[in-house]
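Work through these exercises with the model open. Try each task before reading its solution.

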Amino acid sequence: AVRSGLDHLRAARQGGYAIAAFNAVNLETAQAIVAAAEATRSPVILQISHNAARHGGLAALAALGLSLKRAASVPIILHLDHAETPEVALEALHLGFEGVMLEGDDPATLRPLAAASHAQGGYLEAEYEVVVKGERRGERHDDPATLGQFAQDSHCDLLAVDLGSAHKQEDKTARLDFARLQALAAATPLPLVLHGASSVPEDELAHAAALGVAKVNLATDLTLAFTGAVRDSLSGGAKDPRTYLAAGRSAMQVRAEHYLRVLGSAGRA
Ligand code: G3H
Ligand code: ZN
């Protein structure tokens, strides 16, 4: 039977591992993600952010993601990351995205989007707490037990929580609050989501996956690998975009494969 993206995420939460959600911005980054999933026999989330859609066009990137997904030998879950409006999230669902994340925590805005996702077998990720663009936009909730009520009120399927990570950090100096994670995981059986995972040491990511984080968003680490390899290729005199973009793609694939093993999804496809 074909399992939905949400089935995979629920299995991850139950099984104490996490599905990696890697960001694609173009053909080569999307290919790197799919190749890494195939090489490690992992399910993976190929996510395209609202920002990336501003760069590449949502419809064009959706077509790219869907065509790679159709040809792949492992489950590829196409996800819209950091939607800033419900409209763009609805457009993504219409284009064939399976899951969407809407920034914000207003249940009245989230509920109709959850309904639209569920109507086509998809899922909604919402922010119980936010860590956006390197700085905290909202506040942590004093009582982690209110997470259960938020899940019920918003009808969402995945919950982004603040465990101490930050977006777009180039070093791994964030430290996760595991006591808090345990309290949050006790408050809901839903898969929890960690954003800004590039800021977190790998052993802490593995530990978080064991405790209930079932979706781990990783972008910056892989971007640095891609761009570093492109820079080296250009310094070496490469002129054809296929040459330096292939170098970036290979380097990104190596990092992605590594994370798929760290998070425990390797071999689960
Ligand atoms: O939504 C995307 C992620 O939260 C990526 O964060 O670039 O810090 O790995 P990162
Ligand atoms: Zn994020």
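**Exercise 1. Overall build**

How many helices and how many strands are there in the chain?

*Solution.* The model is a predicted one. Step 1: count the elements. The chain has 11 helices and eight strands. Step 2: check the extent. Along the principal axes, the C-alpha atoms fill a box of roughly 55 × 40 × 35 Å. A compact globule of 269 residues would have a radius of gyration near 18 Å; the chain has 17 Å, so the two agree.

**Exercise 2. The sheet**

Work out the order of the strands and find how the ends of the series meet.

*Solution.* Step 1: recall how strands join. Strands of a sheet pair through backbone hydrogen bonds, either parallel or antiparallel. Step 2: trace the order. Eight strands form a closed barrel, S1-S2-S3-S4-S5-S6-S7-S8, and the pairing is parallel. S1 (residues 19-23) and S8 run parallel and are joined by four bridges. Ile19 has Lys215 of S8 as its bridge partner.

**Exercise 3. Helix H4**

Which strands does H4 lie across, and at what angle does H4 pack with H5?

*Solution.* H4 (residues 58-71) lies across S2 (44-49) and S3, and runs at about 155° to S3. Step 2: take the helix pair. H4 and H5 (residues 86-95) pack at about 40°, their axes 10 Å apart. The crossing is right-handed. Step 3: list the contact. H4 gives Leu58, Ala59 and Ala62; H5 gives Val88, Glu91, Ala92 and Leu95. Step 4: sort by class. Six of these contact residues are nonpolar, none is polar and one is charged.

**Exercise 4. The ligand shell**

How many residues surround ligand 1, and which are the closest?

*Solution.* Step 1: count. Ligand 1 is surrounded by 16 residues. The closest are His195, Ser198, Asn217, Ala219 and Thr220. Step 2: assign elements. S3 (76-83), S8 (213-218) and H10 each supply at least two residues of the shell. Step 3: sort by class. The shell around ligand 1 holds three nonpolar, 10 polar and three charged residues.

Methods
Residues numbered from 1 in each chain as written. Chains lettered and ligands numbered in written order. Predicted model: local features only at pLDDT ≥ 70, side-chain atom pairs only at ≥ 80, totals over all residues. Near = placed C-beta within 6 Å. Nonpolar A, V, L, I, M, F, W, Y, C, P; charged D, E, K, R; others polar. Pairing = 2+ DSSP bridges. Contact = placed C-beta atoms within 7 Å. Axes fitted to C-alpha atoms, helices over the stretch in contact; angles between N-to-C directions. Rg over C-alpha atoms; globule rule 2.2 N^0.38 Å. Left-handed = near helix turned anticlockwise from the far one by under 90°.
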